Amino acid sequence: MPYTWLVATGAYAVVFRSSGAAWCEAGLVLNELLIAAVKAGLRKCGTPESRLLRRPPGAMDSGIYPAHFPKASTTSGMPSGHSHASIFLAVVATCAALAEEALDGRPGLRQPQPSDAVSLTFAWGLAALVVVSRTRFAGPLAVEYQGRKVAHHTVLQVLVGSFLGGCAGLAGTGWYFDAWPSWPFAALYACAVAGVGAAAAAEARATARGRTPPCACPGDSSDGAIST
């Protein structure tokens, strides 16, 4: 899904010469780079066996290309990149739907109106479906492999990804529309990543001492990879 958004937004920006779409495309690219950096940093804090960072048992790599040749995933699942991108774009789409040009020609935001219900419901409904589809609660939205439904993330991983994506979206739209300060949301983002990193490091230390890890991740049970 994030790749579809990247291609569609970039195409719109080029074909219609839209500066707004171009800025959105830049935000989506930055979003992908940011989530890759966060995952890499968290892997440094924990271990490959970390319950906090690893994907649920049985998770498969099933992106655009791997979908043709799926294999057991060995990548980190904390935080969920799909959830991060989905909530980021939902925030951006919400602000775009409420955008208006101020008297000085600068972009601004207006109060939501009843006529905005369809646009906002679509943006947040789609984001919610993507987030849920990454967990063992996906039901008919789940990715299937050899007749079984596979979860790509624990519930905690999608919740953290959603929170970070929301912070990134609010920081970016606050700057673009000059509607609110960006730094509080950037600070929340950094604090959340630092908190997860500290928890992963604590789990790694506890595991090294032979104790039960202190983190029990919601949705990460022995059957967490397969929805029934």
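Helices (H or I, at least four residues) and strands (E, at least two) are DSSP runs, numbered from the N terminus. Arg17 lies in the loop between helix 1 and helix 2. This is a predicted model, in which local features need pLDDT of at least 70, side-chain atom pairs count only at pLDDT 80 or more, and totals for chains, interfaces and linings use all residues. Residues are numbered from 1 along each chain as its sequence is written, and side-chain values use heavy atoms, with hydrogens and water left out.

**Helix 3 with helix 4**
- The axes of helix 3 (residues 81–97) and helix 4 (residues 117–133) come within 9 Å and cross at roughly 175°. Axes are lines fitted to C-alpha atoms, for helices over the stretch in contact, and angles run from 0 to 180 degrees between N-to-C directions.
- Helix 3 and helix 4 are therefore roughly antiparallel (angles over 145 degrees; under 35 is roughly parallel, 65 to 115 roughly perpendicular, the rest oblique).
- Their contact (heavy atoms within 4.5 Å) includes His82, Ser83, Ser86 and Ile87 of helix 3, and Ser119, Leu120, Ala123 and Trp124 of helix 4.
- By class, this contact of helix 3 with helix 4 has 11 nonpolar, five polar and no charged residues. Ala, Val, Leu, Ile, Met, Phe, Trp, Tyr, Cys and Pro count as nonpolar, Asp, Glu, Lys and Arg as charged, and the others, Gly among them, as polar.

**Helix 2 with helix 3**
- The axes of helix 2 and helix 3 come within 10 Å, crossing at roughly 150°.
- That makes helix 2 roughly antiparallel to helix 3.
- Helix 2 and helix 3 cross in a right-handed way. A crossing is left-handed if the near helix is turned anticlockwise from the far one by less than a right angle, and right-handed if clockwise.
- Contact residues include Cys24, Glu32 and Lys39 of helix 2, and Phe88, Leu89 and Val92 of helix 3.
- The contact of helix 2 with helix 3 has eight nonpolar, four polar and two charged residues.

**Helix 5 with helix 6**
- The axes of helix 5 and helix 6 come within 8 Å and cross at roughly 155°.
- Helix 5 and helix 6 are therefore roughly antiparallel.
- Their crossing is left-handed.
- Among the residues that meet are Phe163 and Cys167 in helix 5, and Phe185 and Tyr189 in helix 6.
- The contact of helix 5 with helix 6 has 14 nonpolar, no polar and no charged residues.

**The largest pocket**
- The largest pocket holds about 1100 Å³ of space.
- It is lined by 40 residues, and Cys24, Phe88, Leu89, Val92 and Ala93 lie nearest its centre. On a 1 Å grid over the protein atoms alone, a pocket is an open set of points where a 1.4 Å probe fits, with protein on both sides within 12 Å along at least five of seven lines; lining residues have an atom within 4 Å of a point.
- Helix 2 gives the largest share of the lining, 10 residues.
- The lining divides into 29 nonpolar, 11 polar and no charged residues.

**Backbone points**
- Most residues other than glycine have a negative phi, and most peptide bonds are trans.
- Arg17 is not a glycine, yet has a positive phi of about 50°.
- Met78 and Pro79 are joined by a cis peptide bond, with omega about -10°.
- Pro79 lies in the loop between strand 2 (71–72) and helix 3.

Notes. Grid points are joined across faces, edges and corners, and a volume is the space filled by probe spheres set on the points.
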